[in-house]
Amino acid sequence: MKQNIFFTADHHFGHANIIKFSERPFESLEHMNEELIKRWNKKIGKDDTVYHLGDFSLGKPDFTKETLDRLNGNIHLVKGNHEGAALTYPKRFASIRDTTS
């Protein structure tokens, strides 16, 4: 089975204002979160490797954990400035790195 490697960033799960700030084409926060999860899992398989280059979630820790549990792949997190909730669930990540390391 072929493993793929993906690089992504700035999902901002749970961040309602990112829709307005970045002119994202979503009707609501729930619509954005569900659509991003759907698109992620359509592209990324269970055994694929994903490098998330920061700003994963601005949601609360429980919401962020639930979101992470729904996503395919072995996720490596490179910390951005919005990782507080994601860092409360470190075992979900294959690795966690600072941008300076």
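I'll start with one side chain. Leaving aside residues up to four places away in sequence, F26 touches I19, H31, M32, E35, L36 and R39. Before going further: this is a predicted model.

Where does F26 lie? F26 is in the loop between α1, residues 17–21, and α2. Is F26 buried or exposed? F26 has a relative accessible area of 11%, and the cut-off for buried is under 20%, so F26 counts as buried.

Now to one of the contacts of F26, namely R39. R39 belongs to helix α2. Its relative accessibility is 47%. To place R39 against another part of the chain, take D62: the two C-alpha atoms are 22 Å apart in space, and the residues are 23 apart in sequence.

R39 also brings us to the largest pocket. Which residues line that pocket? They are F6, F7, T8, H11, L36, R39, W40 and I44. Two elements give two or more residues to this lining: β1, residues 5–8, and α2, residues 29–43. By class, the lining has 5 nonpolar residues, 2 polar and 1 charged. The space in the largest pocket is about 160 Å³. Note that L36 and R39 are on the lining list, and both L36 and R39 are also touched by F26.

Staying with helix α2, the next residue is N33, which sits in that helix. Its relative accessibility is 6%; with the buried cut-off at under 20%, N33 is therefore buried. What does N33 touch, not counting residues up to four places away in sequence? The contacts are F13, G14 and F63.

F63 is a contact of N33, and helix α3 covers residues 61–70. That helix is part of a right-handed β-α-β unit, made by β2, α3 and β3.

Last, the strands. β2, residues 49–52, and β3, residues 74–78, run parallel and are joined by 4 bridges. One end of that pairing can be named by residue: T49 has N74 in β3 as its bridge partner. On to β4, residues 93–97: how many bridges join β3 to β4? There are 4, and these two strands run parallel. Here V78 has R97 in β4 as its bridge partner.

Key. Residues are numbered from 1 along each chain as its sequence is written. This is a predicted model: local features need pLDDT of at least 70, side-chain atom pairs count only at pLDDT 80 or more; totals for chains, interfaces and linings use all residues. Side-chain values use heavy atoms; hydrogens and water are left out. On a 1 Å grid over the protein atoms alone, a cavity is a set of points where a 1.4 Å probe fits but cannot get out, and a pocket is an open set with protein on both sides within 12 Å along at least five of seven lines; lining residues have an atom within 4 Å of a point. Grid points are joined across faces, edges and corners, and a volume is the space filled by probe spheres set on the points. Ala, Val, Leu, Ile, Met, Phe, Trp, Tyr, Cys and Pro count as nonpolar, Asp, Glu, Lys and Arg as charged, and the others, Gly among them, as polar. Two strands pair if DSSP finds at least two bridges between them. A crossover is right-handed if, with the strands pointing away from the viewer, the path from the first strand over the helix to the second runs clockwise. Buried means under 20% relative accessible area, exposed over 50%, partly exposed in between (1.4 Å probe, protein chains only). Contact means heavy atoms within 4.5 Å.
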